[in-house]
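I opened this entry to keep track of what I looked up, one topic at a time.

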Amino acid sequence: MSVLTATEQKTRLKRTFFTKGLVIATVSGMAYGLYSAFVTQAMGQGVWGSWYGPDTVLSAFVVVYVLGVLGSGINDLVSAVWAVGIAGLKGKLMDFFRSVKTRPGMVIMACAVIGGPIASAAYIISLQMAGSIIAPITALCPALGAILSRFLFKQKLNLRMVIGILICLAATLMIGWSSLQADARPGAVLGCVIAFIAAVGWAIEGAVAGFGTTVVEYEIGITIRQLTSGVVNLLVVLPLMCFFAGHIGLAPRLVVDAVTSGGSMIFFVISGLFALFAYSLWYKGNSMCGTALGMACNGAYSFWVPFFCWLILGVFFGQDGWALQPIAWVAAVVMFLGILVIAVNPLEWFRRNTSSLMEEVA
Amino acid sequence: MLPLNYAILAQFAHGEEADADTVMGALAGAYSSARQFTKKAVVEALMTAHANGLLDETRFDLDDRDQLRIYYQATDSGRDMIHRYIGV
C-alpha cells in the first residue's frame, strides 16, 4: 500500500477542514430556516392563537412588541435546555461551568445580549414599524461582520471576497424585492435605522463570538449564548416592555400562560433544537472558514427561511400564504455563485486543475 | 483546572513549538478522563486557532507510523490573547 507523503496528507487535511467549515456554515443557515418555520408555527398555536386573533384581550403594543420578545425568550430558553442536555451527554458540562466565569465566556455572554435580546428586539420592532422593507438592511450583517473581522481580528478580506459578498447581498435583495415594493409605511425611515441596529448587532455577534469559539469550545459557547439570551429576554427585556405597556405584572402571566400551552410548547421544543444548531454551527463555521465566508454561507438563510416556511407551514400544515416565489430559486443560485466567489480563487482553482490534468497526461 | 480548549492554547503561551501529540502528552494527566480529549478534537482546535491567526505553522513531517505531524507556535497576537484571555 502506497503511503501518502507529508505534503499530500497536509493538503488533504486542510481541504477536509475547509470543506467541513463550509458544510457546517451552510447547515447553520438551513437550521435557521427550520427554526424560523417551527417558531412561527409555535406562535400560532394554543394561547398564542387567541393573543394574535381578532378577539385578543391584549393591547396593540403588547401584541406588536411584547409577544415577539416572549416567543424569542421561550425559544432560546428551550434551546438552552437542549444545549445543557447535549453538553451533559458529551461530557462537557464541567467545562461549561469552568468557561462561564472566564473572560472569553463573558465575551460570549456579551455577544449573546447584543445578538439576542438587543438585535432580535430591534428586528421585531423594525419589522413592525417598516414592514419587510427591512429585510435587505438586516441582510447587510454578513458584509458588516466581514468588515468588523477585518479590523478587529485582521481576517482576510480582498476584492474577490467583497464581490462575492455583494453578489450574496444582491441575491437577498431579489428575494425581498416584491415585499420591498409592496409595503412602505409611515414609520419606515426610523424602522430602517432600527433594522440597521439589528444588522450591526448580529454582525458583532457573528464576528466576535465566531472568533471566540477559537477559545471557547463551540457547544459550550452555544450553551452560554442560549442561556444568556433566554434569561435576559424573559427576566429583563420582557418585564421592561410590559412596564412600558403600563402593566409590569403582565410579564409573569404571559410567561406562565405560554409555557403551559401544550399545543405551542411542542413546537417550541422543536424550534429550540434547530435554534441550537443554527447558532452553534454559525459560530463554528465562522471560526473554521473565516467570518466573510462563514457568514455568507449562513446568510443563505434568506432563502432557507421562506423555503422551510413554505415546506413546513405551507405544504405540511396546509397554511395559506407561504408559497415560495419563483424568484427565490433564482436568488438561491445567485447566492451559491456568490459564496463560490468568496470561497474559491478562480485562478488558483484553474491552476490546480490544469496541473493535475498535466500529471494525468504525463 | 482550565477548560480543555483553553488548556490546549495555554500550551503555546510561552513561545513553545508543539504538535497535537505533544499537546496531548502534556495534558494527558489532567484531561485523559475527559470524553472530548481525543486526537481529532485537539487537531481541530489547533487548526481553528491557526485559521484565526492565533497559531502559526512552523513545520510538518511524518512520524514513525507515517502519520502527519504539524507543528505550531503562537503568533505575537496569539500569545498576547492567550495571556489576556486565558490568563497564563
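My notes on helices, cysteines, loops and a surface patch follow. I keep in mind that this is a predicted model.

**Helix H10 of chain A**

I looked up helix H10 of chain A, residues 218-244, and checked its length. At 1.5 Å a residue its 27 residues should span 39 Å, and the end C-alpha atoms are 36 Å apart, which agrees. I then looked for a bend and found one of about 40° at A:Asn233. H10(A) is mostly covered, with 20 of its 27 residues buried.

**Cysteines**

How many disulfides are there over all chains? I noted a count of zero.

**Positive phi angles**

Most residues other than glycine have a negative phi, so I wrote down two exceptions. A:Lys154 is not a glycine, yet its phi is positive, about 55°. I found A:Lys154 in the loop between helix H7 (141-153) and H8 of chain A, and it is exposed at 64% relative accessible area. B:Asp66 has a positive phi of about 60° and is not a glycine either. B:Asp66 lies in the chain B loop between strand S1 (55-62) and strand S2 (68-74); at 33% relative accessibility, it counts as partly exposed.

**Surface patch**

Last, I looked up a nonpolar surface patch of about 370 Å², made by A:Leu159, A:Val162, A:Ile163 and A:Leu166. I placed A:Leu166 in helix H8 (residues 159-182) of chain A.

Key:
Residues numbered from 1 in each chain as written. Chains lettered and ligands numbered in written order. Predicted model: local features only at pLDDT ≥ 70, side-chain atom pairs only at ≥ 80, totals over all residues. Heavy atoms only, no water. Patch = residues over 30% accessible without salt bridge, like charges linked within 9 Å, V, L, I, M, F, W, Y side chains within 5 Å. Areas by Shrake-Rupley, 256 points an atom, 1.4 Å probe, with all protein chains shown as cover. Salt bridge = Lys/Arg side-chain N within 4 Å of Asp/Glu carboxyl O. Helix = DSSP H or I, 4+ residues; strand = E, 2+ residues; numbered from the N terminus. Disulfide = S-S within 2.5 Å. Expected span 1.5 Å × (residues − 1). Bend = angle between axes of the 7 residues up to and from the residue. Buried < 20%, exposed > 50% of the residue type's maximum accessible area, 1.4 Å probe, protein only.
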